[in-house]
Amino acid sequence: MISDPAQKYRSANIVSNPDREWPEKRLTAAPRWCSTDLRDGNQALAHPMDHERKLMYFNHLIQCGFKEIEVAFPAASATEFEFVRQLIEQQRIPDDVWIQVMTQARPDLIRRTMASLRGANQAIIHVYNATAPTFRDVVFRHSKEQTIRLACNAAGLIKQLCDAQPETTWCLEYSPETFCFTEADFALEICEAVKDLWEPAASRPLILNLPTTVEVNTPNVFADQIELFMRNFSDLSHVTISIHPHNDRGTGVATAELGVLGGAQRVEGCLFGNGERTGNVDLLTLAMNLYSQGVTPNLKFDDMKKTVEVAEYCNRLPVHPRHPYAGELVFTAFSGSHQDAIKKGFAHRRKTDETMWDVPYLPVDPEDLGCSYEAVIRVNSQSGKSGPAWLIEQNHGLRLPKALQIDFSEKVKAFTHHSGCEMSLKAIWQLFRESYGVVDKPGLHLMAYQSQSQAEGQYIFAKLMHQGCEVNAQGKGTGVMSALVDGLRQAFGLDINIKDYSEHTLGASTRSRAVTYVEIQSGAQGSFHGVAIDTDSLKALLQATLNAVNGLLVHQEACCWPASDAG
């Protein structure tokens, strides 16, 4: 890179629009959509789609709700021509869908393109020529007059050929290919000339497509260009103003949104922004942006995973895991603070039964796109206490007390720090069960017990199994739980007290199992947690207490174990 880029690159021109109205407008309705995946997107692929892939993509675009689909550049190759014929002859085009084909402004290519459309019910024929000074002067060496003549000759030939096929309903689309850096007055002049020649009517409409062929300016300038063009155009009756933004500056979505605010009624682009260089505007993101603001987008992405699978198979390109709305990780939080906010958002939503979506960090409900909540929070070394706890609650119904959340998060951090990897849901649940005794045969488990209530207190006689040995515990307390703790103090010589315990049922049925959480305190050795699940709530309470004590015993054993010889 050079130290002074101004010596090599010119700043882009802006347009004067002091009376601009678009900044005060809002996007309140979806534009017309036209997918160019099968043509503009296809030409950008290292391995262009064969007929099988193109047909799969075409069918999926219809399922998504597209009513205008640019399907081919028929004059470019036999493959492109034959695909258009296949769609028409096999009657694969729904009655409410317009297919669109593209051609350069050359008579031979126009005739070949029109031949591909024989028998179509309705079709858009898209013709273009470059209009910006760089192309006029360097590429084609045409004057403005020659450039206008080229466009009008093409439109005139198309009109003549359309008249010869009256069984088809026709629409002409004209693109001044390099509109975004064409002089405003010249872009207006050439489009007026095409309009006058075509004579748009309800039975034969006109689309004027104004592309950012190479994105060279900020999105606000494009909005000014569109607004000025529409304000100064002589007659927009039966004329649709369309835009086709590219993404060279990385602002294709913003350019399209501001272009619609400027008055554009139609947007061309590709799913996931596929296209040459940095791609076309991403129609999926545009549609979902509207959806997230409560605007019906007139496109459906109920099964986002399927849309991703089709695009990846047909394009042989991956969809980035952080792609808006569709990426594998787009709804996923690894960060502890993000996970905590999301967890609280879901809890608030359940508590209030709120209808409007308002969950931190999630602009839309993943369920609307066919995504499960399982992917919302995933756990690695960056995760806090809320992430693992939320996953256990969502998948197993356990609502962990705060102290247990903190304790378990430390165990998760130790695991992920050692492995250096993300922790799967299966691994999280396995670690939880092993840590707190939710296993078939805990290290210290209850085999049988009897309790008696007498005037001086509650007595318990418990038969326990510890490391394969039978242990009898006998204690007294104000209740069964405190009596068991007294018995454990004597049986194992422990200094322990109950710090906290809680319980809830798993499910609404009267036969639902109960889950109990117990936290014990053992002097300077700290707190230890146990969890138990049983259809008998009292048994769950006793076993959870034993599981917490077993955690203490394991800790004591580890502390007493001699360190290995480093040599």
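Trainee: How many salt bridges are there between domain 2 and domain 3?

Mentor: Zero, taking a salt bridge as a side-chain nitrogen of Lys or Arg within 4 Å of a carboxyl oxygen of Asp or Glu. This is a predicted model, where local features need pLDDT of at least 70 and side-chain atom pairs count only at pLDDT 80 or more, while totals for chains, interfaces and linings use all residues. Residues are numbered from 1 along each chain as its sequence is written, and side-chain values use heavy atoms, with hydrogens and water left out.

Trainee: Where are the domain bounds?

Mentor: Domain 1 is 33-315, domain 2 is 336-436 and domain 3 is 444-560. Those bounds come from an automatic or database domain assignment.

Trainee: Back to domain 2 and domain 3. What area is buried between them?

Mentor: About 880 Å², with carbon and sulfur atoms giving 65% of it. Buried area here is the accessible area (1.4 Å probe) that two parts lose on being put together, summed over both.

Trainee: Which residues of domain 2 lose the most area to domain 3?

Mentor: Leu398, Arg399 and Tyr436, which together make up 49% of what the domain 2 side buries.

Trainee: And how many residue pairs are in polar contact across that interface?

Mentor: Four, both residues being at pLDDT 80 or more. A polar contact is a pair of N or O atoms within 3.5 Å; within protein, one must be able to donate a hydrogen and the other to accept it, and residues adjacent in sequence count only if both atoms are side-chain atoms.

Trainee: Which elements give two or more residues to the domain 2 side?

Mentor: Helix 14 (402-419) and helix 15 (425-436). Helix 14 gives the most, with three residues. Helices (H or I, at least four residues) and strands (E, at least two) are DSSP runs, numbered from the N terminus.

Trainee: New topic. Where does UniProt place the "binding site" feature?

Mentor: The unreviewed UniProt entry puts it at Asp40, His244, His246 and Asn280. They span 241 residues in sequence, yet no two of their C-alpha atoms are more than 10.8 Å apart, so they gather at one spot. UniProt annotations may be inferred rather than shown by experiment.

Trainee: Which strand holds His244?

Mentor: Strand 7, residues 239-245.

Trainee: How many salt bridges does the rule count?

Mentor: The count comes to 24. One example is Glu70 with Arg39, at 3.2 Å, N to O. Glu70 is in strand 2 (residues 68-72) and Arg39 in helix 1 (residues 37-41), so the pair ties together parts 31 residues apart in sequence.
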